[in-house]
Amino acid sequence: MTALSTPGFPEREIRARARNGTAEVFPDSRTYGTRLYGPGAGTAADGLDRARIVPPVFMPQRLEKLIDLAREPEFTDVDLGARVGGFTARLPLYLSAFGSTRAGSGDLAVHAGRQAARLGIPMVIGENMIPVHGYRRAGDATRSALLARVEAYLDAAPDGIGGVVVQQSTEDADSEVWNLLYSDPAFRPLLETGRLAFELKTGQGAKPGLGGMTVVDRAEAEQLARRFTVREVLDPDGERQLRCATPGTFTDEILRQQLRFMRNNFPKARTWVKFHPGRDVAHAARTAWAAGADAVTVDGAEGGTGWAPGVFLDHVGLPLGECLRRIGRPDGCLLAAGGMWEGGRAVRALALGATAVGLGRAALVAVDEDPEHGLEHLVDSIALELQLLISALGKYEVAALGPEDLWWPDGHPSYGADAPLLGVADPAGAAP
């Protein structure tokens, strides 16, 4: 019996990848020779998934690779290494933020962090962990949920690879979370190796414009009411109550000042900032990069593992593909999250300017399926698809991907809000 469910998300396929790894990249091998294969009958989930990945006929970069290797290149020659927000990562992936929700702050998150470390990808720890769960340093009888995740990551991380990112929201700022962590000896190994980042969270894909929300019982509600807004809107008896965090207030000048503060007060930590999929996301991203952010994370409206009102999940925020279109060619490291679970969607986001993509719901489902190796199996399958796809495009590095690698059947602009339409089919079926 599994603990998690994900309505509207391909849970069955993710669980299969968590069990079987790279075998799930292909059709069932037992049907080879007895079944004819073609495209599936399903429809694309959103605008980003409607784009076709289109290899060219002529591939000068493959020729360059052939000359370099003195042999024909193979898909295994694709280098998936990346610099993700100032960290060295083995793959263009990161573990998205799990905050103080029940699913995201327990044992599943610890298992996910340990596997992310072994994979050599960064891990983001979400907001409100300390205000909700408290913080106990080394030597205390029990450790905090946040430290448990950090210790699991550090125990498994290869030297110099990966990194830990800690978000801060309004309530976290009141608890001086970053000050606490920056001075804690437990974080010294991360600081000394340049593998700690702080992420200023301005919003998230699941509920743009709102702060974090969780469901708490009556006893928890009484305890948390000192720091959070708690409302009896979930049942008439108040046994389950809604705990709400504030989203914070931002203008472009407030954002610049916040990022300057982070860089001045925590010089050994990388500086990240996360935006919800707002209509001015391009201006926000450019403002952050100009202020010195090492990474800008954009959550598409498809993203989110936490509790949110249904109307927000279904109707609020820009899809990830539109966020990437509006941002256009990024001025720095751009990280994208929202509905990621397989290599095709990841390649599309990377071709539209993302440096890496985040795994949130898919990671938790995979670890729920197999706490020891589920995320590793899922990522192995994604990595294989990335190598196959990038090689098919005649390229051998993630950074070589570009909007020319995509075709939009609806004439979707490929790159930048003012870019000309690319990939619109002419009457003969060729792309201009």
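This is a predicted model: local features need pLDDT of at least 70, side-chain atom pairs count only at pLDDT 80 or more; totals for chains, interfaces and linings use all residues.

Residues are numbered from 1 along each chain as its sequence is written, and side-chain values use heavy atoms, with hydrogens and water left out.

The protein has 17 helices and 15 strands. These are DSSP runs numbered from the N terminus, H or I of at least four residues for helices and E of at least two for strands. Of the 432 residues, 53% are buried, meaning under 20% relative accessible area with a 1.4 Å probe, protein chains only. Take the contacts (heavy atoms within 4.5 Å) between residues at least 6 apart in sequence: 72% of them join residues at least 24 apart.

Now α14, residues 320-327. How many of its eight residues are buried? Seven are, so to speak the helix is mostly covered. They are L320, G321, E322, C323, L324, R325 and I327. These buried residues pack against α2 (47-50), α12 (281-290), β12 (295-299), β13 (334-337) and α15 (343-351). Just after α14, G328 takes a positive phi of about 70°.

Next, helix pairs. Two packed helices are described by the angle between their axes and the distance between the axes. Here the axes are lines fitted to C-alpha atoms over the stretch in contact, and angles run from 0 to 180 degrees between N-to-C directions.

The axes of α4 (residues 107-119) and α6 (residues 145-156) come within 8 Å and cross at roughly 25°. That makes α4 roughly parallel to α6, the term for angles under 35 degrees. On the α4 side, the contact is made by A109, V110, G113, R114, A116, A117 and R118; α6 supplies A148, R149, A152, Y153 and A156.

The last pair is α11 (residues 252-265) with α12, where the axes come within 9 Å and cross at roughly 30°. D252, L255, R256 and L259 of α11 meet H283, A284, T287 and A288 of α12.

Methods: Buried means under 20% relative accessible area, exposed over 50%, partly exposed in between (1.4 Å probe, protein chains only). Angles under 35 degrees count as roughly parallel, over 145 as roughly antiparallel, 65 to 115 as roughly perpendicular and the rest as oblique.
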